[in-house]
Amino acid sequence: MIASVRGDVLSVGLDHAVIEVGGVGMAVYATPATLGGLRRGSEANLATSLIVREDSLTLYGFADAQARDLFTLLQTASGVGPRLALAALAVLDPAQLRDALSQGDIGALTRVPGIGKKNAERLTLELRDKVAALSVQPGVDPAWATTEAGAAPGGAVVDTAGIRSEVSEALVGLGFSAKQAEQSVNAVLAENGGETDTSTVLRKALAGLGPK
C-alpha cells in the first residue's frame with residue numbers, strides 16, 4: 001500500500017493533482033479542499049490510499065491521516081465505494097463527517113450526492129462505533145504546509161463559460177445533478193462578478209451545496 005507521497009506538485013486539476021515522486025508523476029485524486037491547498041511548483045505531503053481494481057490502480061490523497069482513515073472506514077460500509085467515500089469528504093470535512101456518523105445526523109449525510117435517507121441510516125448504524133474508535137493521529141503535515149501563506153492554487157483566469165462548464169462537470173462527477181451544479185456555479189459566479197479561477201469557483205460551489 002502507498003500510505004503517503006511527498007514531492008513537487010507538477011499540476012493541479014479540478015479533481016486531481018500530479019505529484020512528482022522519484023522522477024515519476026503520480027496522479028492523485030483528492031477533494032477540492034485538499035487540492036485548493038496545493039500550488040504548482042511547491043512540495044506537497046499527502047496521506048494516500050491506493051485502490052486496486054482488475055483494470056485500474058487509483059491513488060487518492062488527503063491532507064492528513066485522519067481524512068484517509070475516514071475514507072477507508074466509509075468503504076467498509078455496504079454499498080460504499082471510493083467515489084462515494086471521496087464525495088462524502090468533499091461535502092463534509094472530516095470533523096463534520098465524524099460527528100454526522102457518530103451522532104446519527106441523517107440530514108448532514110444526505111447532503112452527499114448518492115446518499116439517501118435509508119443509506120444514511122445504514123451508515124450510522126454500521127459505522128457509529130467504528131468512527132468513535134478512530135484516534136487522532138499526528139504526524140502527517142497538511143498538504144498545504146509548504147505553500148506560501150495566502151497563495152492560491154495554480155490556474156489562470158478563464159472566461160465565464162469555461163468556468164461554468166468545467167466546474168459543473170466536476171460537480172456532476174462528484175454525484176450532484178446537472179441542475180444542482182448549474183445553480184450553484186451560477187450563484188458563485190454572480191457573487192464574484194464572473195471573474196475568478198476554476199478552483200475557487202469549485203470550492204465555493206461545493207460549499208454552497210454542503211451543510212448549512
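Two strands pair if DSSP finds at least two bridges between them. Strands (E, at least two residues) and helices (H or I, at least four) are DSSP runs, numbered from the N terminus. With that settled, welcome to the close-ups.

Residues are numbered from 1 along each chain as its sequence is written, and side-chain values use heavy atoms, with hydrogens and water left out. This is a predicted model, in which local features need pLDDT of at least 70 and side-chain atom pairs count only at pLDDT 80 or more, while totals for chains, interfaces and linings use all residues.

View 1. Strand β2 (residues 16-21) pairs with strand β3 (residues 24-29) over six bridges, in the antiparallel sense. His16 stands opposite Tyr29 in β3, and Val21 has Val24 of β3 as its bridge partner. Two residues lie between the strands of this hairpin, and there Gly22 takes a positive phi near 60°.

**View 2. The closed barrel.** Five strands form a closed barrel in the order β1-β2-β3-β5-β4, with mixed pairing. Neighbouring strands of this sheet are turned against each other by 55° on average, direction ignored. Strands β3 and β5 run parallel and are joined by two bridges. Look here for Tyr29, which stands opposite Tyr60 in β5.

**View 3. Two helices on the sheet.** Here, axes are lines fitted to C-alpha atoms (for helices, over the stretch in contact), and angles between N-to-C directions run from 0 to 180 degrees. Contact means heavy atoms within 4.5 Å. Helix α3 (residues 82-91) lies across β4 and β5 and runs at about 15° to β5.

**View 4. Where α2 meets α3.** Two packed helices are described by the angle between their axes and the distance between the axes. For α2 and α3, the axes come within 9 Å and cross at roughly 135°. That makes α2 oblique to α3 (angles under 35 degrees count as roughly parallel, over 145 as roughly antiparallel, 65 to 115 as roughly perpendicular and the rest as oblique). The crossing of α2 past α3 is right-handed, a term used if the near helix is turned clockwise from the far one by less than a right angle, with left-handed for anticlockwise. At the contact, Ala67, Leu70, Phe71 and Leu74 of α2 meet Pro82, Ala85, Leu86, Ala88 and Leu89 of α3.

View 5. Three salt bridges are found in a search of the whole structure, each a side-chain nitrogen of Lys or Arg within 4 Å of a carboxyl oxygen of Asp or Glu. In this view, the side chains of Glu43 and Arg6 meet at 3.2 Å, N to O. Glu43 lies in strand β4 (residues 43-53) and Arg6 in strand β1 (residues 4-12), so the pair ties together parts that are 37 residues apart in sequence. Glu43 is partly exposed at 32% relative accessible area, and Arg6 is also partly exposed, at 44%. Buried means under 20%, exposed over 50%, and partly exposed in between (1.4 Å probe, protein chains only).

View 6. The side chains of Arg68 and Asp69 meet in a salt bridge of 3.7 Å, N to O, and both residues are buried. Arg122 and Glu126 form a salt bridge as well, at 3.6 Å, N to O. Both of these residues lie in helix α6 (residues 117-133), four residues apart, about one turn of the helix. Arg122 is partly exposed, with a relative accessible area of 27%, and Glu126 is partly exposed at 26%.
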